[in-house]
Amino acid sequence: MQRLYLLTRVRQHTMISARGLIPSQIGRVRASKPNVRLYSAHSQQAPKPDNNSFFSPSGSSTWGKVDPSLVVDIALKTLIGLGVVFTGGSLYVFWYKHNVLSKIEAAFNETWNDTALVQLIKQELSRFDLLTPDLEHAGLQRLAAKLFEVNPRREEQDFIDSIVKGETTGSYFLLIGPKGAGKSGMVFDAMLNIRNKGSVFLEAHPDLEVFRLRLGNALNYEFSEDMQAGLFQRPDPRSGGPAMDIERALDKLHEVAMRSGRRRPLVLVITKIQNFHNDDQGRNLLLQIQQYAERWAIRGIVTVVFTTDDVWPYTLLRKAATLMEVHSVQDLDWRMSKRTLLCRRPDAENVDSVVHVVGGRQSYLNKVSRAEEMLQAAEDLLRLEKAWLESCLGLIPDCDNDGEVVIQQKWSLHCWTLLREFVRLYRAKQKDSGDCWDPLKLPVIPSWRCQQIMTRPDYLDELDRLDVVYIDMNSNVQPDSMLVLRAVIDIVEKEGFDELLEDVRCRIKEIENLRR
């Protein structure tokens, strides 16, 4: 019997599943005649098998006869696509790095216009209720003259101006002084005189992440967080922590400062560096910034200005300092304190009594000058200071036999012993000076003598941190302010204080003898 094979060719039809059809459609499909042709096995009209078909009768591979030109075409297109991607990415990275430096340079070139200066001066005048209706629409020159009358120029202001203007190069500076003495205010006034051109200003913070953001905002640097090139970055830009981000920001600032064509150095002001924790992380950050400050001072390209209220940053920085200059900022004297109050309150009474209470501390003078009754405001400040001292250094004559309580009473006992010595020296100086006595002159004791009086060398730093005493760069110790001294005098000269101090000392000895 002759062998036949069936070749079925279905033209312009797709495979239809009966499961998705309605009965009427199934009937039409069955009624249709498929296009079927019969050929003999040896017929010459039988079509030849398609070698490119997946269902070839010979079972040959699909890739057996691939056109080489097709492979070359696909490879070339792939290489061209990858080349375009990597070339575009490289150009984007190059543009981004150049844009980062341009943004940092723009942060230093940004200046305050007349409108911004007028607004700042009006805010300063409104703090002391001196923004009269005739000054509401005054010009810049008139407002600046009024501000100069309100804030008498200090002797140290000329030196600060020379630093901010870039006239003093080859060094970096540490301004050390008690809280509220006017360190940051003088720097801000110097920046105001040059319209903030070529300088940036930021404040330290204990959290390094917050300080990282403040440094980035001051320098207009985003730490690569706005970079749209994740495909071309192997490590995460934030994988190193805040210390590495600060290092990147300072390195970018170094690149900007090294650009040619700059006639004066840039100025970077970091205030209140005592806010950094006095631990390994905080100390390492200060040394990191100091290393760049030393490098920039040698080249004269960036001048770094630090301000601090406490002494521990000075003792840390001086170990590795070669080009650092330290300047102390103290309270105003009797003449400047009276002049400051009279400039702000020409019709005020009892100015001598107010200055006698609050002293020459700039922040306290600002507070009392805004009050309607300055003497009453000064007495309120004194009462608050006394309450804070008594709660912070409270004495308990019948303290409990508890370890923490005994440690706290030891701390209070030694602190009040030192503060009583300050009162004794102040009264002795007052008696010996006679008519030439300056009531704002604070008593000073060397640090080594304070340690002998307290019999503990580790309590001074804590008192400095609490702003009870102030330690200057010459290791001399004094009360933090005249207001603190007035509060201490009221407490120490109260009747029965010496007996209270002796009772606490006896109680501590008794507890220590029982423990033995």
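A pocket here is an open set of points on a 1 Å grid over the protein atoms alone, where a 1.4 Å probe fits and protein lies on both sides within 12 Å along at least five of seven lines, and its lining residues have an atom within 4 Å of a point. The structure is a predicted model, in which local features need pLDDT of at least 70 and side-chain atom pairs count only at pLDDT 80 or more, while totals for chains, interfaces and linings use all residues. Residues are numbered from 1 along each chain as its sequence is written, and side-chain values use heavy atoms, with hydrogens and water left out.

**Largest pocket**
- The largest pocket holds about 1200 Å³ of space, a volume being the space filled by probe spheres set on the grid points, which are joined across faces, edges and corners.
- Its lining comprises 43 residues, of which N151, G185, M186, F188 and D189 lie nearest the centre.
- Helix α6 gives the most to this lining, with 8 residues, helices being DSSP runs of H or I with at least four residues, numbered from the N terminus.

**Second largest pocket**
- The second largest pocket holds about 640 Å³ of space.
- Its lining has 24 residues, and Q330, D331, L332, L440 and K441 lie nearest its centre.
- Elements giving two or more residues to that lining are α11 and α15 (403–433).

**Packing of α5 on α6**
- Helix α5 (residues 157–164) packs with α6 at an angle of about 55 degrees, their axes 9 Å apart, where axes are lines fitted to C-alpha atoms over the stretch in contact and angles run from 0 to 180 degrees between N-to-C directions.
- The contact (heavy atoms within 4.5 Å) involves Q157, I160, D161 and V164 of α5 and M186, V187, D189, A190, M191 and N193 of α6.
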